[in-house]
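The following note sets out several points on the model under review. Please read each one beside the sequence and the coordinates.

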Amino acid sequence: MKEYNKAVWWFEKTLAHIPSSLREMWEPTVVNLAHAYRKLKMYHDALSCYEKALTLSNRSLSTYAGLAYTYHLQDNFSAAITYYHKALWLKPDDQFCTEMSSVALGDEGRHGIDPKIEFR
């Protein structure tokens, strides 16, 4: 319904009442909070929630795709490509990640690689 501010409020309120021992069950809620932050262009908060979701479950296509897309929106193409590939490792035929990975590779080719990134 595109009421992202309201969604953030409800997700935060819900997560505040969950005991830490049950957090893993609530990983989808953390991911949805991250999606809402991303749609509000609150990228730092979105990335923080996606990273938190990864600590709860590292087998979520939605989390890796969300991380990738958020980095992509910030023109961090190398990070975006890395996370698109992690998502594709979980589901190789995912159409969104396949297409966006190609877009990110093209964007990186046009804009260049971030000189702060160290290659080993």
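1. Aromatic pairs. The model is predicted, and five aromatic pairs are counted in it. One of them joins Trp9 and Trp10, whose rings lie 4.6 Å apart, centre to centre, with 85 degrees between the planes. That arrangement is edge-to-face.

2. Exposure of the two tryptophans. Trp9 has a relative accessibility of 45% and counts as partly exposed. Trp10 is also partly exposed, because its relative accessible area of 48% falls between the limits of 20% for buried and 50% for exposed.

3. The pair Tyr84 and Phe96. Here the ring centres are 6.4 Å apart and the planes stand at 70 degrees, so this pair is edge-to-face. Tyr84 belongs to helix H5 (residues 77–90) and Phe96 to helix H6 (residues 95–111); the pair therefore ties together parts that are 12 residues apart in sequence. As for accessibility, Tyr84 is buried, at 0% relative accessible area, whereas Phe96 is partly exposed, at 36%.

4. An aromatic cluster. Three tyrosines, Tyr64, Tyr71 and Tyr83, form one aromatic cluster.

5. Packing of H1 on H2. Helix H1 (residues 4–16) packs with H2 at an angle of about 150 degrees, and the axes are 9 Å apart. The two helices are roughly antiparallel, because the angle is over the cut-off of 145 degrees. The crossing of H1 past H2 is left-handed. On the H1 side, the contact is made by Tyr4, Ala7, Val8, Phe11, Glu12 and Leu15. On the H2 side, the residues are Thr29, Val30, Asn32, Leu33, Ala36, Tyr37 and Lys39.

6. Lys39. This residue lies in helix H2, which covers residues 27–39, and Lys39 is among the H2 residues that contact H1.

7. In the model, the chain over residues 27–60 is 79% helix and 0% strand, and its end C-alpha atoms are 9 Å apart. For residues 61–94 the values are 79% helix and 0% strand, with 9 Å between the end C-alpha atoms.

Conventions. Residues are numbered from 1 along each chain as its sequence is written. This is a predicted model: local features need pLDDT of at least 70, side-chain atom pairs count only at pLDDT 80 or more; totals for chains, interfaces and linings use all residues. Side-chain values use heavy atoms; hydrogens and water are left out. Helices (H or I, at least four residues) and strands (E, at least two) are DSSP runs, numbered from the N terminus. Rings of Phe, Tyr and Trp (its six-membered ring) pair if their centres lie within 6.5 Å; planes under 30 degrees apart count as stacked, over 60 as edge-to-face and the rest as tilted. Buried means under 20% relative accessible area, exposed over 50%, partly exposed in between (1.4 Å probe, protein chains only). Axes are lines fitted to C-alpha atoms, for helices over the stretch in contact, and angles run from 0 to 180 degrees between N-to-C directions. Angles under 35 degrees count as roughly parallel, over 145 as roughly antiparallel, 65 to 115 as roughly perpendicular and the rest as oblique. A crossing is left-handed if the near helix is turned anticlockwise from the far one by less than a right angle, and right-handed if clockwise. Contact means heavy atoms within 4.5 Å.
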